[in-house]
There are 2 protein chains.
Amino acid sequence: MNEHVLEMIELELAILIRRTTSISSHKKFGNLDRSAYLLLHQIISNGAAGVKALAGEFQLDISTVSRQTAALEQKGYVYRIPDPLDGRAYSLQITELGKKEYTENKRERLTRIVEVLESWSEEESKVFGDLLKKFNQCAIQEQ
Amino acid sequence: MNEHVLEMIELELAILIRRTTSISSHKKFGNLDRSAYLLLHQIISNGAAGVKALAGEFQLDISTVSRQTAALEQKGYVYRIPDPLDGRAYSLQITELGKKEYTENKRERLTRIVEVLESWSEEESKVFGDLLKKFNQCAIQEQ
DNA sequence: ACTATGTAATTGTATTATACAACCATTTTC
DNA sequence: GAAAATGGTTGTATAATACAATTACATAGT
């Protein structure tokens, strides 16, 4: 593989992440930080899940996700369903309010993306999306 | 623009950033966190620069970069050159040790990228790199 | 059946990256 | 030359995270 291409990917990823994280932390997008947003996404699209499963999904420590989900519950975005087979466990289910907040947030994020991609062709955007998705999938298979 | 494509990009970017930041902070790559790595990159490829310029480049607060560069100096990766025309200012220049550390770190990062892109064609990788770069450029023009 | 060990989750504590505000020392402007 | 602006540092607060200890329940081995 061409070294130059790899270097470009490596550098641009680093830059992307640097810039995006400095925007998103502290000046959080709407009401939800990135963690909260993705937790809600996960619960909405893959159904109720426990803390452990969510932590695994994002490669975060369970304690971190425990606090994050507690915050979501406190805001009324999710609620707990005790696991009928296991007295220790429960799963987190989305509420209407949570769905609303997620959708609102997603709209804001999309607006931002649209601005950035203003000058892109449909084709180019599609390729970019596909490759990002593929990259994420490949990345999770590693490690 | 097709809504579905935008949603995919938005989601995959969020996932990418979530995963990558949880890997890189706390389990930092080698000796350099992402900030330090990009600061060294910037100094190496664009020459000596002051704290303010570096902060602008990464959209970080000056105080943050001041501390980060102080840490780099303390480790011997950069040194200060007082600005001959302005007694308040100076620029940060890379040292041999800094260059070495950067190169070493870059190699580790590349190794990781190579693993992820193992199954990708050269062509696909190139397109991905180009689009990432374009995305970053477009993103900086906004905002 | 009882004890061991394992496991889902929470809570305590420490660290790190960050921002904002106050400040210091110069430089520029009027 | 005084006032305002500027480059940089330091104090302080916050947020996200990890790791360790703990709690409460579950499972396995004898």
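Among the contacts within chain A that link residues at least 6 apart in sequence, 46% join residues at least 24 apart. This figure, like every other value given here, comes from a predicted model. Buried residues account for 31% of the 143 residues in chain A, and the C-alpha trace of this chain spans about 55 × 35 × 30 Å along its principal axes.

The secondary structure of chain A comprises 6 helices and 2 strands. Followed along the sequence, these elements take the order α-α-α-α-β-β-α-α. The domain assignment divides the chain into domain 1, residues 1–30, and domain 2, residues 31–141. The C-alpha centres of domain 1 of chain A and domain 2 of chain A are 20 Å apart.

After α2(A) comes A:G47, a residue with a positive phi near 85°.

The description now turns to the contact between the two protein chains. Chain A contributes 50 residues to this contact and chain B contributes 51 residues. On the side of chain A that touches chain B, at least two residues are supplied by each of α1 (3–24), α2, α5 (96–116) and α6 (122–141). The largest share of that side comes from α1(A), with 18 residues. Sorted by class, the side of chain A that touches chain B holds 27 nonpolar, 10 polar and 13 charged residues.

The DNA strands may be considered in turn. DNA strand C is surrounded by 25 residues, of which the closest are A:G50, A:S63, A:S66, B:D61 and B:G87. Both chains are represented among the helices here: α3 (51–58) and α4 (62–74) of chain A, and α4 (62–74) of chain B, each provide at least two residues of the surface near DNA strand C. Of the contributors, α4(A) gives the most, with 5 residues. In terms of class, the surface near DNA strand C contains 6 nonpolar, 11 polar and 8 charged residues.

Around DNA strand D there are 25 residues, and those that come nearest are A:D61, A:S63, A:G87, B:G50 and B:S63. The surface near DNA strand D receives at least two residues from each of α4 of chain A, α3 (51–58) of chain B and α4 of chain B. Here α4(B) gives the most, with 5 residues. The class division of the surface near DNA strand D is 6 nonpolar, 11 polar and 8 charged residues. A:S63 is listed among the closest residues to DNA strand C and also among those nearest to DNA strand D.

The confidence values complete the account. Chain A has a mean pLDDT of 91, and 93% of its residues reach 70 or more. For the complex, the predictor gives an ipTM of 0.90 and a pTM of 0.90. Where pLDDT is low, predicted coordinates should not be read in detail.

Definitions and conventions. Residues numbered from 1 in each chain as written. Chains lettered and ligands numbered in written order. Predicted model: local features only at pLDDT ≥ 70, side-chain atom pairs only at ≥ 80, totals over all residues. Near = placed C-beta within 6 Å. Helix = DSSP H or I, 4+ residues; strand = E, 2+ residues; numbered from the N terminus. Nonpolar A, V, L, I, M, F, W, Y, C, P; charged D, E, K, R; others polar. Buried ≥ 20, exposed ≤ 12 C-beta atoms within 10 Å, placed from the backbone. Contact = placed C-beta atoms within 7 Å. Domains from an automatic or database assignment. pLDDT = per-residue confidence, 0-100.
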